[in-house]
Amino acid sequence: MKTLTNVNVTSFGEAASASRTARQQGSVPAFSGGGSDLLQQLKDGTDNADVIVNLRSVADGRTIQSDGSGFAIGGLVTLTELAEDPSVMTGMSAIAQAAASVGTPQIRNVGTLAGNVTQRPWCWYYRNGFNCFKAGGDECFSLNGENGQHAIFGGGPSFIVHPSDVAPALVAFDAIFQVTGPTGSREVSAEEFFVLPATDPSRENSLNEDELLTGVRIPSVSANTVSTYYKVMDREAWTHAEVGVATVIQRDGNAAQNAKVVLAGVAPIPWRVRAVEDFLAGKQINAAVAREAGEIGIEDALPLSKNAHKLPMTSAAIEAAVLSLAAG
Amino acid sequence: MRDKKKQGNLLDKGNDPAVKYADPKDQILNDKQQSRRDFLEGSGAAVAAGAGISAFGIPSAKAQSANSSATTAINLTVNGTRQMLEVQDRWTLAEVLRDQLDLTGTKIGCNRSECGACTVLMNGQPVYACSQLAVWADGAEIRTVEGLATNGELSPVQRAFVANNGPQCGFCTPGQLMTATALLQTNPSPSSEEVKEALVGNLCRCSNYNAIVEAVVMAGEEGGLA
């Protein structure tokens, strides 16, 4: 492994300051929660950090708290903890299911909520050292290349897909993202947190230099809320979503209210399909409604040359996710 | 363990000023080690003056360039024995286990969280040792495949692997054993489905999955705690 210096910190504020100090000294800092992806990037040379700000000794951000209505989930909660927490499994099963679908037990045992949400894209061009938008270059090689796993929504000028399973589930629950930097903390909505390539193709979120995601807040989950995360992969496990569907509804009898449908694996950010959300409003959930929801869900899709298979896949996944929330 | 000496406290070892840092792969040949701190302390004022440490303990670029990489003193409890080690910050846990502690049962396959050969238990949970820096494991309890047998007697899951021809080439076996051991500690009698789910992060290039799953199920049926 390349030369690097590890810096242990005990708080998020100290982490942000350590990152800034390192940067001011001419180093390239990186935060490490679980570290699995970071180390891979360092070994591959796709990340040139030489100061690692180690968050293992940070005491905050490790709990899942509920006040009976809302939730606060620390950014350093592991994916294993998120997947197995009884209050999350009961109240926000889409989040627990999404966390459980990530990688392998070994990855989930160290991987954190914040790391999962802020991981860099897994586009094979970016990960193999191509000087693309994500690496600071000025083109997206997938556009005229191997784009079978790339975006069918929201692409251009970069066509990466956002790699997180957990993020769409958080967006579907209207999560507020908590951010700490060297000069203080702030809260941002999902709309402000995730950044489309049309706005800035070099980044996936609005974290500034030396800022880190410290946790999320779910303001309110009503008692009649039901949710699911339905993930389609090209093998049974240990890979990213071809498409994932996080669906949250408030179930009134068998009618869907306040539906949220957010997709993974098909867009550069967690992708809300508002047309489906609007369609579901007040509808009784049954096979016909679910099928129509799936059809509506791909109306705005724009496939590239080799990823049109994602259209029927997305349609079917939305259908399955919605139907699974039918009462009874 | 091939060389008991290497299990000892590296901090206490005699330092030879002539020995330069080498890559972990070379360390196995170099019994005599030297920490960055020792190097700086022994190299005269000119170098020491350059070793500025910031308020956050970040060594300056000069300090780093005086040697190949920063080092940190850590404590690891490995297979029940507490180890005090001075490790380079860039060394992975797998490298430290293999090259510093001679625990070569832990294999490095893909070296990128994609095969599972390096799986060890960290505070009881399976993790990929190739994808953890050793400094991050400071204070942790680590269990490797060398820690499964008791007084030379194989653990139940090891015996079950033997009985079911669990290993073919054997390279993935230590990792499979560690993940299976963690499973049996929380679920002493898993079904084959539960075993498949738990072992999904351990690839077998020989594709000997059926035998591996059968072995773990048998270890459970035999009341097998590892």
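So, start with α5 of chain A and what sits around its buried residues: they pack against α3 (79–84), α4 (86–91), α6 (105–110), α9 (166–172), β9 (225–232) and β10 (243–252), again of chain A. This is a predicted model, by the way, so keep that in mind throughout. The helix itself covers residues 93–100 of chain A, and seven of its eight residues are buried, which makes α5(A) mostly covered. If you want to click on them, the buried ones are A94(A), I95(A), A96(A), Q97(A), A98(A), A99(A) and A100(A).

Next, a single residue in another helix. F193(A) belongs to α10 of chain A, residues 190–193. Is F193(A) buried or exposed? Buried, because it has 26 other C-beta atoms within 10 Å, and 20 or more is what a residue needs to be called that. What does F193(A) touch, leaving out residues up to four places away in sequence? The list is F177(A), V188(A), N205(A) and S206(A).

Chain A has an open sheet of three strands, paired in parallel, and the order is β1-β3-β2. The edge positions go to β1 (5–8) and β2 (29–32) of chain A; each has a single partner strand, so one side of each has no neighbour in the sheet. On average, neighbouring strands here are turned by 25 degrees against each other, if you ignore direction. For the pairing of β2(A) with β3(A), which is residues 51–54, we get four bridges, and the two run parallel. One bridge to look at is S32(A), whose partner in β3(A) is N54(A). Then α1 of chain A, residues 12–24, lies across β1, β2 and β3 of that chain, and runs at about 155 degrees to β2(A).

Last stop, the contact between the chains. How many residues does each chain put in? Chain A gives 30 residues and chain B gives 33 residues. On the chain B side, α4 (61–65) and β4 (125–128) each supply at least two residues, and β4(B) has the largest share, with four residues. By type, that side of chain B splits into 16 polar, 14 nonpolar and three charged residues.

Definitions and conventions: Residues numbered from 1 in each chain as written. Chains lettered and ligands numbered in written order. Predicted model: local features only at pLDDT ≥ 70, side-chain atom pairs only at ≥ 80, totals over all residues. Contact = placed C-beta atoms within 7 Å. Nonpolar A, V, L, I, M, F, W, Y, C, P; charged D, E, K, R; others polar. Pairing = 2+ DSSP bridges. Axes fitted to C-alpha atoms, helices over the stretch in contact; angles between N-to-C directions. Buried ≥ 20, exposed ≤ 12 C-beta atoms within 10 Å, placed from the backbone.
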